[in-house]
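Student: I have not looked at this structure before. Could we go through it by question and answer?

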Amino acid sequence: MKKIIALALLMTLTLQALPWGKTGHRVIGLIAERHLSKKAKKQIEKILKDETLAEVSNYMDFIRADDRYDHMAPWHYCTIPDGQTYEEAGTPEEGDAIVAIQKFTEELRTKKFTEGDEAFTLKLLVHLIGDIHQPLHVGNGEDKGGNDVKLDYFWSSSNLHRVWDSGIIDGQQYAYTEYADWIDHASDSNREKWENDELMDWIYESQQLRNECYELPENMKIAYDYDYEHLDLVNQRLLQAGIRLAAVLNEIYG
Ligand code: ADE
Ligand code: ZN
């Protein structure tokens with residue numbers, strides 16, 4: 001019995017904190033690839049060999065299966081309660097997405113790596129810049145980024161975090177290449193603005209925007225209406241993440 005309880009607990013823990021689903025991360029990777037400079041594209045191809053940014057974008061989730069990387073689990077998100085700044089919230093001892101993104105950006109710039117080689121580090125950075133654009137990856141510190149907010153999504157049990165990671169995106173029934181074609185249309189002025197925003201701008205945007213995720217009916221049953229009201233925001237965050245990932249990589253390799 002104890003074993004069953006332990007197993008159930010372990011399953012709940014591992015099911016939490018998954019990031020944008022596979023399609024979301026690939027859309028971000030493909031959009032980034034399309035916005036790379038020639039020079040950056042060439043260098044990245046040399047580093048990643050036979051894989052594209054889209055293809056490596058989920059790697060940081062795959063390595064969750066390997067307990068050598070358990071220390072990276074808290075790096076997929078950060079926590080800033082409503083009404084607080086990051087300084088007020090404080091950096092956890094085990095690190096978070098902000099620390100990890102800063103660290104890996106610097107390591108790729110200086111080519112001094114602490115967690116693995118250049119390809120490994122690049123894969124992690126690609127993933128994390130995607131993650132923190134999902135508004136619930138900047139958590140409020142109360143519900144594990146919405147994982148504890150249980151609800152019915154299209155008549156199936158789910159939770160708020162999952163709806164934002166994958167539910168709304170997968171519901172569009174596009175391949176990631178089709179999805180990227182669909183949304184990769186930023187105006188020049190938005191693109192320029194987004195390219196010049198910095199890490200903490202992205203983080204505070206997610207902190208503000210997550211309020212919209214919590215627009216839930218009292219019965220906690222959501223479906224078409226919720227998608228209709230939130231799809232534009234999902235697509236905006238995917239597009240911003242792709243364009244900003246390209247800007248970071250163009251600066252490192254451009
Ligand atoms: N676990 C705890 N907080 C989280 C968050 N904001 N996002 C994903 N997983 C989490
Ligand atoms: Zn992640």
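Student: What is the mean pLDDT of the protein chain?
Tutor: This is a predicted model, and pLDDT is the predictor's confidence in each residue. In the protein chain, 93% of the residues reach 70 or more. The mean pLDDT of the chain is 94.

Student: How many salt bridges does a search of the whole structure find?
Tutor: A pair counts when a side-chain nitrogen of Lys or Arg is within 4 Å of a carboxyl oxygen of Asp or Glu. Arg68 and Asp66 make such a pair, at 2.7 Å from N to O. Over the whole structure the search finds 19.

Student: Is Arg68 buried or exposed?
Tutor: The cut-off for exposed is over 50% relative accessible area, and for buried it is under 20%. Asp66, its salt-bridge partner, has 24% and is partly exposed. Arg68 has a relative accessible area of 57%, so Arg68 is exposed.

Student: How many residues apart in sequence are the parts that Lys221 and Asp152 tie together?
Tutor: The side chains of Lys221 and Asp152 form a salt bridge, with N and O 3.3 Å apart. Lys221 belongs to strand E5 (residues 221-222) and Asp152 to strand E3 (residues 150-153), so the pair links parts that are 69 residues apart in sequence.

Student: Which helix holds both Arg191 and Asp188?
Tutor: Arg191 and Asp188 form a salt bridge, their closest N and O atoms being 3.4 Å apart. Arg191 is partly exposed at 22%, whereas Asp188 is exposed at 52%. The two are three residues apart, about one helical turn, in helix H11 (residues 188-196).

Student: At what angle do helix H8 and helix H13 pack?
Tutor: Two packed helices are described by the angle between their axes and the distance between the axes. H8 covers residues 118-131 and H13 residues 224-253, with their axes 9 Å apart. H8 passes H13 in a right-handed crossing. The angle is about 145°.

Student: How many nonpolar residues does the contact of H8 with H13 have?
Tutor: Among the residues of H8 that take part are Leu122, Leu125 and Ile129, and H13 contributes residues including Leu245, Val248 and Ile252. By class, the contact has one polar and one charged residue, and the nonpolar residues number 10.

Notes. Residues numbered from 1 in each chain as written. Chains lettered and ligands numbered in written order. Predicted model: local features only at pLDDT ≥ 70, side-chain atom pairs only at ≥ 80, totals over all residues. Heavy atoms only, no water. Buried < 20%, exposed > 50% of the residue type's maximum accessible area, 1.4 Å probe, protein only. Helix = DSSP H or I, 4+ residues; strand = E, 2+ residues; numbered from the N terminus. pLDDT = per-residue confidence, 0-100. Axes fitted to C-alpha atoms, helices over the stretch in contact; angles between N-to-C directions. Left-handed = near helix turned anticlockwise from the far one by under 90°. Contact = heavy atoms within 4.5 Å. Nonpolar A, V, L, I, M, F, W, Y, C, P; charged D, E, K, R; others polar.
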